[in-house]
Amino acid sequence: MRHTWILVLTAVLLLLSSCTTLTENNTISDLSPVDMTPVTIEQERQLFSASLYYYNENKQLLFTTQELEVEAWGNMPGLVFQAFVDSPLDPGVGKYGPELRLAGVAISANVATVSLTSVSELSEKQSFFVAVAAANTALNNFSVQYANIVINGDPVSVNGVPCGVFEKKDAGVQEIYDAYKEEYVADKNTYALDAPLYFLDTDGQYALCEVHSLALGAGSVEQRAADILQQLSIGPEDVSLHSPVRRFFSVLSAADAAGTEDTADVTETEETAPVEEEGISVQYSEDRHTLSLRHAEALFSAGLEDDLEACLACIYYSMTALLPDISMLECTYGETTYYMDAAQARTYLGNRITIYLPDKDLSKLEAVSRVVRENISLDWTTYIEEIMRGPIESDTGLVSIFSKAFSSEDLLSLEVTESYVTVNFSSKFRIYLESIPSKRQNMLVYSIVNTFCNIDAVQAVQFLIEGEHVGKVSETLNLFAPLLPNIGLAA
């Protein structure tokens, strides 16, 4: 019996000696237990619980959850909607079994654009019901406020009028559809809707989406295109963005371009801005599915020539979100004709991410926005790379926290499991931590923690070095257990 107690006591002492005291910032009582044994991280598929919306036999909007294996987080939106179209449940077409195909998913700012095709032709009502289910699926799985749904290349419309972006709908889809039909009657001249418009970021490299309340005319494709150009010319609400077109211009109808007197003038009426330039012409070819902008010199401000293709990407996305059957934008600028289609426009589509960087006194962390290419914005390693990059010219009073000796190669892996993000660094990370003051240590670690915990559903960040847990780094920092965000450091 005595030997038994000695063995028990020895085991307890060994257990206690292997543990270190957690500081106040390391509270993990709200989190599930973590396996404390050293592990080697491998790049494996991770699980994402997706909410997929569908309709029951009574046309009630419901959702089911499905576990998806995610190998790269940048592919997650496409995986969610592949599961949506593959589902045996009714997505709104009135029958069970796969009736839809996925054409693509793109996320810019707070808007997800989902492009679907149908196996058979859908009625207007079927398209609307599918759009609501698809929009709810996007809004429930992605950190966005709006969803723009495109079916068979066209924006979802009621009575020939585009519905614009969708917000989340909880019930009563039939009533919502009936309200659209009542609002979008055939004899109205203009229709009010919330629509996605695209503007250039500060550097003129990327197209970013903003949702604007528009009054869209009920005329021809050319006239509606002129309305959209006018709305773009008014400019964005976000002062860090700018319009892809100049503030004042005139648009001529297709008939004008042929030499007749039919004019669609959408010039701003403010007295301070008379229009002297020859107007551009807007022409639509149904056979070619092409919207053409002729004499476009009057459309773009001086100095935008180098960013012309990015400007055209903004116009392309704005037009295709609201006009049917457009697959190509053609623009004649001087002696050159430019073409913009979906694949080329996608290369200019941007998205915002938020990271945290320390101030020069190392007393607080400030949230700053970065615009990155849309197709890498969901790759979580992008956040680490932007923190490593440090402040840019507009980040006044902030400093770099990573040594210049670090690169993205020192991030060996990054995994997301349930409410945790696990970052696995090379041994260089620990060597660097141990070489700097504790104040800088905390700022470096919590710039990562606060950045990831700013993303929905992430509660804590686990640090590993070469795949193994790390203990106490200093008197104030212990990396053994997952770290919660330090709200006290946030500006």
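Reader: Buried means under 20% relative accessible area, exposed over 50%, partly exposed in between (1.4 Å probe, protein chains only). Is Glu 330 buried or exposed?

Author: Glu 330 is buried, at 4% relative accessible area. Keep in mind that this is a predicted model: local features need pLDDT of at least 70, side-chain atom pairs count only at pLDDT 80 or more, and totals for chains, interfaces and linings use all residues. Numbering runs from 1 along each chain as its sequence is written, and side-chain values use heavy atoms, with hydrogens and water left out.

Reader: How many salt bridges are there?

Author: The whole structure has 13. A salt bridge needs a side-chain nitrogen of Lys or Arg within 4 Å of a carboxyl oxygen of Asp or Glu.

Reader: What does Arg 288 pair with?

Author: Its salt-bridge partner is Glu 330, with the closest N and O atoms 3.3 Å apart. Arg 288 sits in the loop between strand S12 (280-285) and strand S13 (290-294), and Glu 330 in strand S14 (residues 328-333), so the pair ties together parts 42 residues apart in sequence. Helices (H or I, at least four residues) and strands (E, at least two) are DSSP runs, numbered from the N terminus.

Reader: How accessible is Arg 288?

Author: Arg 288 is partly exposed, at 43%.

Reader: And what about Arg 294?

Author: Arg 294 also forms a salt bridge with Glu 330, at 2.9 Å from N to O. That pair links strand S13 to strand S14, 36 residues apart. Arg 294 is partly exposed, at 25%.

Reader: Which residue does Arg 346 bridge to?

Author: Glu 374, at 2.8 Å between the closest N and O atoms. Arg 346 is in helix H8 (residues 342-346) and Glu 374 in helix H9 (residues 374-377), 28 residues apart. Arg 346 is partly exposed at 32%, while Glu 374 is buried at 6%.

Reader: Which residues form a network?

Author: Salt bridges link Arg 370, Glu 386, Arg 389 and Asp 395.

Reader: New topic. What is the strand order in the open sheet of 4 strands?

Author: The order is S3-S4-S5-S6, with mixed pairing. Strand S3 (100-108) and strand S6 (154-155) are the edges, each pairing on one side only. Two strands pair if DSSP finds at least two bridges between them.

Reader: How do S3 and S4 pair?

Author: S3 and strand S4 (residues 111-118) are antiparallel, over 8 bridges. Helix H3 (residues 124-141) packs on the sheet, touching S3, S4 and strand S5 (146-151), and its direction makes about 140° with that of S5. Contact means heavy atoms within 4.5 Å. Axes are lines fitted to C-alpha atoms, for helices over the stretch in contact, and angles run from 0 to 180 degrees between N-to-C directions.
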